[in-house]
Amino acid sequence: MKVAVFSTKAYDRKFLLAANSPIQHELVFFEPRLNRDTAILAAEFPAVCVFVHDQVDAPTLELLASRGTRLIVLRCAGFNNVDLQAAADLGITVVRVPAYSPYGVAEHAVGLILSLNRKIHRAYNRVREGNFSLDGLLGFNLHERTVGIVGTGKIGLILGQIMKGFGCHILAYDVYRNPELEALGGKYVELPELFANSDIISLHCPLTPETHHLINTEAIEQIKPGVMLINTSRGALIDTQAVIEGLKSGKIGYLGVDVYEQESELFFEDLSGEIIQDDIFQRLTTFPNVLITGHQAFFTAEALYNIAETTFANITDVEQGRPCANEIRA
């Protein structure tokens, strides 16, 4: 199948070409993101492959459909950037990669926890400048601390396993209970109880209308003072302005995020020579107890290989008329 691949970097091409080698789909790579302006590039392509920040809204889908596209292939798990109802109305099939190396995301969350707690990022900069003072670098033992995990699918479960290894107590919230987490000793509670009793809160749930701004002013009022908040899932799970107020008041003691609500204008690009116009993001970077990474939690060799492999399996299933387990519908 002829596939237009948008939002491609050198690392995308490397893994996609390797996975496609035995299959031989016809790939054409485009570095720009897909949106209403760039959809013309996909004219006469029956399949379009996109990533997390591509704009797959109704107008874009209409343009694609008018020029022959019948398949949208997401090389990611999230699909909140796709108008699924519009796709269905236009007869366009949408498939995704529901899971790829969940260990990578869970391990990155742990990296944020350790770095924030022991001030590793700050110590690194101090030592490079010849400053070996320990003032301001005091941390705490993870052993016997309580970790609240919101969302206990594959990634949340793995985080629970890792933190259990540190000797932590696990509280959990999810609309569906995971018996594997319960077997670890994890206790399912309602969100107010999780907020009130967790020393560390880590978010691993999907972005839905129900979870949008899950961490807001009301939630912050319920949390344990000085809590560490970690988000490696979706940026809009957090009301960033409310979190800034929580940081200023000291209610939030640490913040580690790999995602940001308005990240589509920032992440995956080199903006080091530009003036960033997002004042809210810039305010976040001024706090000494905030650690931000640029949506790299997924970024492991294993994950990129899994993404590429599943992407082409999805395309082949649709091309050959087989049911695709990874199809998503409105």
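Biologist: Which residue in β3 stands opposite alanine 4?
Modeller: Alanine 4 stands opposite valine 48 of β3. Strands here are DSSP runs of E with at least two residues, helices are runs of H or I with at least four, and both are numbered from the N terminus.

Biologist: How many bridges join β1 to β3?
Modeller: Three bridges join them, and the two strands run parallel. Strands count as paired if DSSP finds at least two bridges between them.

Biologist: What should I know about the source?
Modeller: The model is predicted, so local features need pLDDT of at least 70 and side-chain atom pairs pLDDT 80 or more, while totals for chains, interfaces and linings use all residues. Residues are numbered from 1 along each chain as its sequence is written, and side-chain values use heavy atoms, without hydrogens and water.

Biologist: Which residue of β2 is the bridge partner of alanine 4?
Modeller: That partner is valine 28. β1 and β2 pair in the parallel sense over four bridges.

Biologist: And what is the strand order of the sheet?
Modeller: Five strands form an open, parallel sheet in the order β2-β1-β3-β4-β5. The edge strands, β2 (26-29) and β5 (93-95), each pair on one side only.

Biologist: Turning to helices, which strands does α12 lie across?
Modeller: Helix α12 (residues 301-319) lies across β1, β2, β3, β4 and β5, at about 160° to β4. Contact means heavy atoms within 4.5 Å; axes are lines fitted to C-alpha atoms, for helices over the stretch in contact, with angles from 0 to 180 degrees between N-to-C directions.
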